[in-house]
Every structure is written in structure tokens, then in C-alpha cells.
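Please look over the fold below before reading the report.

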Amino acid sequence: MFNSKIIGLGFYVPENVVTNDDLSKVMDTNDEWIQERTGIKERRHVIKGDGDTTTTMGVKAAKIAIERAGIDKDDIDFIVFATLSPDYYFPGPGVLVQRDLGIKTVGALDVRNQCSGFVYALSVADQYIKTGMYKNVLVIGSELHSHGLDMTTRGRGVSVIFGDGAGAAILSREEDTTKGILSTHLHSEGQHAEELSLIAPGMGKRWVNDILADNDPNDESYFPYMNGQFVFKNAVVRFSEVIVEGLKANNLEAKDINMLVPHQANLRISQFIQKKFGLQDDQVYNNIMNYGNTTAASIPIALTEAWEQDKIKSGDLVVLAAFGSGFTWGSVIIRW
């Protein structure tokens, strides 16, 4: 039995910066309103026609992670790609990454767990490595939200929150079981699935044929919907529970945490969790103010930045935690 260890990290965000003031020009909102409710100051949006897609952003992040890991692309045994915004309805982006990176014909798996996607993807990769099936797994979280948002006053409650970007990690076999990923913890509560969702296009209710036939300009089923207050209330509870669960599973306490990297859903959620666990500012990494909520990409982007800034060192206890659509949530406990 092995542990898995993160040996390489990378991220990519589009160059195009969209500030709150920029959004106020296309919808009835303002910088103060957005910052007060979310903590977001700006986000990155892909410019149509510049070539950036969910896959290509993932590839760019992956190339950095592979180089930093000090391995060759052909050393990768498996690919796990987390996203809610694939280039195509099918096939998923995992196989496109395999193609675009020119990796040999390894398996590629797509994870559709939205904000919890990267945590779920890490858990999948971790199990493959723990059992000895694979040695090096490429894990990507990438999102292109901007093309699918309602950028009008009607959609402002959701559209001001999300940004585009990608992060990647290389997980590799670690024989010292006191290092690397110590445990992962995953949960779901599907009874609240529609509280944070995008209904169409989907085979169950509204497929492309229905949308085209109705040609209804007021049809909002293909834009994201979020019951913000309900999601917030559930998030602060589930974040806390799953962090405690992970700590207890490893006979650890909150005081043992060196760095908490939460999914960047809302700065107010992160601040609530920080206060509850008695953590200092240098024990929690937040970057939602710069990138918005990049869903499955948020944790790998934040984790990479924290590592690049030497906020994570060998031997540190690093905790990753996420909550989002589904409802799904999870945590990853890592001894760096």
C-alpha cells in the first residue's frame, strides 16, 4: 500500500481582467455591492476567439505541473479532469488533454462534481495510486464560465461571482505513508440538487430541440441558478463538518493545520470557517478577490499560488475542503 504525493503544481488564467466596475457597465451592479457580498474585486474571462477553452487552459496548467514535477509526459499513467464546463457535451476534456499533450494511450476520466470536482478528482487519483495500479496521475480542474453566464441585470446574482481558469497537479507514488495524502472524505446530499444547478441542455427536461423549438428569449433554464442564501447556510456547516472529519480520521486537531485551502466560493464563507477553527490569516489561503469562483479550478489555482509563495513547506499539514452543487462536499488531508 502506497500514499500519493503531489509532486508538481501549475495554473493558468486568461490575461483578460474583468473588474466589478467593468460589470457595472453591462448590468445594474457596483463594486461595493459585489465586494460586500462575495469579497470579489475582479475575475478573468476568456476573450472569444483567442483559442482558450476549458481543455486548452487545462493543458497549459498541466504543462507547468509536469515540468515542475520533473517527469516526462509519457510517465503519466492516468488523467482525471474535473469540470462543469467541458468543451463538448461529449466527449469529455480528459481525452482531449491526452491528445493535446501527446500522451500515450492512457485512461482518461472526467469528474462532474462542480465546486467539489477537484477534491473528488484528487480522491480518485489517490485511490488508484494507493492500490498500486498507477504511479503518476495528472489531475486537472478547469472552468470556462464566462461564455455561459447571463451577463445582464437579470443574471447578476450569479454572473458576478464566476471566473475562468485552470489548475493542475501531478500525484505520484510515495512509499513513506506518513507523507502525502493521508485521507480523503466525500459526501453528497442530492435532495438539494436544484438549489445550485444548470438545467438545460439536459435529456431530462430541456434538450437542445426544446430550446430551439420554443425560441423563448425569457427561458433561463440554460443559465446557472443559485439559491444563494440557502447554499451559503449549508456550505458553512458542511465545510466545518468535513474538515473536522478529516482531522479526526488522522488524530489531528485544528491547531495542527498549517494551511487551509478552501474552495473559493465566497470570501465570507472562508472567513467564517477561519474564525470557527481559530486560524490566523497566514493559515488560510484565499484568492477569490482576484479570480472569482473558478469552481473545479479554484482549489488547484489557490494551492499552486500558496506553494509558489512559499506558504506551504515540507512537513506542513495542508487541508483542502470544498462544497458546491449537488450538493457535494469533501476534504483532503495532506502531509506535505
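## Basis

This is a predicted model, in which local features need pLDDT of at least 70, side-chain atom pairs count only at pLDDT 80 or more, and totals for chains, interfaces and linings use all residues. Residues are numbered from 1 along each chain as its sequence is written, and side-chain values use heavy atoms, with hydrogens and water left out.

## Overall build

The protein has 11 helices and 13 strands. Its radius of gyration is 19 Å, close to the 20 Å that the globule rule gives for 336 residues, so the protein is as compact as a globular protein of that length. Helices (H or I, at least four residues) and strands (E, at least two) are DSSP runs, numbered from the N terminus. The radius is taken over C-alpha atoms, and the globule rule is 2.2 Å times the number of residues to the power 0.38. Along the principal axes, the C-alpha atoms fill a box of roughly 60 × 45 × 35 Å.

Of the 336 residues, 56% count as buried. Buried means under 20% relative accessible area, exposed over 50%, and partly exposed in between (1.4 Å probe, protein chains only). Take contacts (heavy atoms within 4.5 Å) between residues at least 6 apart in sequence: 78% join residues at least 24 apart.

## Surface and charge

The protein exposes about 14600 Å², and carbon and sulfur atoms supply 49% of that area. Accessible areas come from the Shrake-Rupley method with a 1.4 Å probe; for residues, only the protein chains shown count as cover.

There are 32 positive and 43 negative charges, and their mean positions are 3 Å apart. Lys and Arg count as positive and Asp and Glu as negative; His and the chain ends are not counted. Each charge is placed at NZ of Lys, CZ of Arg, CG of Asp or CD of Glu.

Strand β12 spans residues 317–324, and eight of its eight residues are buried. In a regular strand the side chains alternate between the two faces of the sheet. Here both faces are covered. L317, V319, A321 and F323 are buried on one side, and V318, L320, A322 and G324 on the other.

Two strands pair if DSSP finds at least two bridges between them. Strand β11 (residues 259–262) runs parallel to β12, joined by four bridges. P262 stands opposite A321 in β12. Strand β13 (residues 328–335) pairs with β12 in the antiparallel sense, over eight bridges. A322 stands opposite G330 in β13. β12 and β13 form a hairpin with three residues between them. In that turn, G326 has a positive phi of about 140°.

Most residues other than glycine have a negative phi, and most peptide bonds are trans. A cis peptide bond joins F90 and P91, with omega about 0°. P91 sits in the loop between β4 (78–82) and α4 (93–101). Another cis bond joins A200 and P201, with omega about -5°. P201 sits in the loop between β9 (196–197) and α7 (208–214).

N215 is not a glycine, yet its phi is positive, about 45°. N215 lies in the loop between α7 and β10 (225–226). N215 is exposed, with a relative accessible area of 63%. T295 also has a positive phi, near 50°. T295 lies in the loop between α10 (288–291) and α11 (298–308). T295 is buried, with a relative accessible area of 1%.
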